[in-house]
Amino acid sequence: MPTDLAALARRAPYHYSERLCLRPVALTDAWPLWEATRDPRFNAHLLWAQPSLEIDLFERIEQMHELARRNQVLTLACTWRSSGCWAGVFRYAPMADGLETSIWLHPNFWTEPGLATEFGRLGLHVGFME
């Protein structure tokens, strides 16, 4: 049975951890994503090339929305529950034998104690629930 990414997007706000929560990616996520892509360590793990202009990220997010509409890929933003501050993104892509999960945590949070583990567990929890 294929994964229903639209249903996952609707359920995203119900997935959260102690400090983090999920929501569908929005155009406003372009700015923190742009900031994250300025760090070469973050770019080392991107599935696309480092954007050279801010507009590239707006276009990338519009592509993410189109792929989600076609049930091909879903990208969810991860934010701090207390402030709504953008922490990173999760990407889910249906595969023949399951769901591929990719995660990107903003470099500003790489040294926050235990956050990378919490972030990864949240993303994997959603993937396994689907």
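In the predicted model, helix α2 contributes A30, W31, L33, W34 and T37 to a contact with helix α4, where the partner residues are E54, L57, F58 and I61. Sorted by class, this contact of α2 with α4 comprises seven nonpolar residues, one polar residue and one charged residue. Helix α2 spans residues 30–37 and helix α4 spans residues 54–69. Their axes lie 9 Å apart and the packing angle is about 120°. This angle makes α2 oblique to α4, since angles of 65 to 115 degrees count as roughly perpendicular and only those over 145 as roughly antiparallel. The crossing of α2 past α4 is right-handed.

T37, one of the α2 residues that meet α4, was examined individually. The relative accessible area of T37 is 0%, so the residue is buried. When residues up to four places away in sequence are not counted, T37 touches F42, N43, L46, Q50, P51 and L57. Of these, L57 belongs to the set of α4 residues that meet α2.

Aromatic pairs were then considered. A pair of aromatic rings is described by the distance of the centres and the angle of the planes. Four such pairs are found in a search of the whole structure. In one of them, W31 with F58, the ring centres are 5.3 Å apart and the planes stand at 80°. This pair is edge-to-face because its angle is over 60 degrees. W31 in helix α2 and F58 in helix α4 are 27 residues apart, and the pair thus links distant parts of the chain.

With neighbours within four places in sequence left aside, the contacts of P24 are A9, A12, D29, T75, L76 and A77. Between P24 and A96, which are 72 residues apart along the chain, the C-alpha separation is 24 Å.

Notes: Residues are numbered from 1 along each chain as its sequence is written. This is a predicted model: local features need pLDDT of at least 70, side-chain atom pairs count only at pLDDT 80 or more; totals for chains, interfaces and linings use all residues. Side-chain values use heavy atoms; hydrogens and water are left out. Axes are lines fitted to C-alpha atoms, for helices over the stretch in contact, and angles run from 0 to 180 degrees between N-to-C directions. Helices (H or I, at least four residues) and strands (E, at least two) are DSSP runs, numbered from the N terminus. Angles under 35 degrees count as roughly parallel, over 145 as roughly antiparallel, 65 to 115 as roughly perpendicular and the rest as oblique. A crossing is left-handed if the near helix is turned anticlockwise from the far one by less than a right angle, and right-handed if clockwise. Contact means heavy atoms within 4.5 Å. Ala, Val, Leu, Ile, Met, Phe, Trp, Tyr, Cys and Pro count as nonpolar, Asp, Glu, Lys and Arg as charged, and the others, Gly among them, as polar. Rings of Phe, Tyr and Trp (its six-membered ring) pair if their centres lie within 6.5 Å; planes under 30 degrees apart count as stacked, over 60 as edge-to-face and the rest as tilted. Buried means under 20% relative accessible area, exposed over 50%, partly exposed in between (1.4 Å probe, protein chains only).
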